[in-house]
Amino acid sequence: MPPAFPLQPDVIPPRSGSIVILTGAGISKESGLETFRDAGGIWSQVRLEDVATPEAFARDPVRVHAFYNMRRARHRTMDIKPNAAHHAVVKLQQAWPGGVTVVTQNVDTLHDEAGTKDLIHMHGTYAQARCNFCDAVVPRLGDLSVTDICASCGKDKGMRPNVVWFGEMPLHMERITAALRDCALFISIGTSGSVYPAAGFVTMVKRSADAHTVELNLEPSQGATLFAEAHYGPATQIVPAYVESLLQSL
Ligand code: APR
């Protein structure tokens, strides 16, 4: 049984208030995808400088493609499915009168597969390819390689995963900033709070929207003290429990 969280009446956002949910790799962990910074995580197996920067792609595109091809293939072949936390987010979205925007740092497609609406992939997704020359974006479920030719501009060597690498600007920041500015509740799920700008969202909402802020994570994140409320445990338990407590408040 997931834990039950008694909500304080004064921290329940008004029915009309909108919610912004930020998610990170921790929400997908129990679906079978690795996080980055936990023990044994992706950045302990490979150096991010070798696979997740524009310089790495310019230096050794074959290696960068191999890294994302492996992650894409793992998702496809290992029966990776959305878990109870992804589904709870959808349940909240369907029932919450004020609207729920989901901003994910994850390049996987589990929120999409769960049926999440109003979903912003701020770091892009490995299920798409983008041409470095003309910026055309196309769906990509199979492997990418340096010999792929862009269907829009006809050039080769430019097709890359449509993900945001270190040193690049996250996507859709205007839309995200507007949602943060207006929200009554900000919920951060499964992120270590190590990467900006996402790590700064909690401070932004407190400054501009005076919103209530909640962290749902396996353990306190780097920014844990910035949140007004926190619940710690596996996402498949604490996210459905928190969503239930919010819905009961309606
Ligand atoms: N349930 C909830 N939280 C979990 C679980 C779980 N089952 N397992 C791990 N976590 C938590 C960890 O405690 C950690 O705080 O998820 C967090 C994952 O942190 P990171 O690995 O740093 O992932 P994330 O915060 O998404 O990384 C941000 O860094 O490398 C980049 O671009 C990459 O989008 C990524 C960004």
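A residue is called buried when its relative accessible area is under 20%, exposed when that area is over 50%, and partly exposed in between, using a 1.4 Å probe and the protein chains only. The structure above is a predicted model, in which local features need a pLDDT of at least 70 and side-chain atom pairs count only at pLDDT 80 or more, while totals for chains, interfaces and linings use all residues. Residues are numbered from 1 along each chain as its sequence is written, and side-chain values use heavy atoms, with hydrogens and water left out.

The secondary structure of the protein comes to nine helices and nine strands, where helices (H or I, at least four residues) and strands (E, at least two) are DSSP runs numbered from the N terminus. Of the 250 residues, 52% count as buried, and the C-alpha atoms fill a box of roughly 60 × 35 × 30 Å, taken along the principal axes.

Five of its five residues are buried, so S7 is largely enclosed by the rest of the structure. In a regular strand the side chains alternate between the two faces of the sheet. In S7, Leu185, Ile187 and Ile189 point one way, whereas Phe186 and Ser188 point the other way, and all are buried.

The next step is to look at the partners of S7, bearing in mind that two strands pair if DSSP finds at least two bridges between them. Strand S1, residues 19-23, pairs with S7 in the parallel sense over five bridges, and leucine 22 has serine 188 of S7 as its bridge partner. Strand S8, residues 212-217, also runs parallel to S7 and is joined to it by five bridges, with leucine 216 in S8 as the bridge partner of isoleucine 189. Together with helix H8, residues 201-208, the strands S7 and S8 make a right-handed β-α-β unit; right-handed here says that, with the strands pointing away from the viewer, the path from the first strand over the helix to the second runs clockwise.

Strand S8 also holds asparagine 217, which is buried with a relative accessible area of 11%. Its side chain has a polar atom 3.3 Å from the backbone nitrogen of threonine 191, and the side chain of asparagine 217 also reaches the backbone oxygen of glutamate 219 at 2.8 Å. Leaving aside residues up to four places away in sequence, asparagine 217 touches Gly190, Thr191, His231, Tyr232, Gly233 and Ile238, a contact being heavy atoms within 4.5 Å.

Key: Polar contact = N/O pair within 3.5 Å; in protein donor to acceptor, adjacent residues only side chain to side chain.
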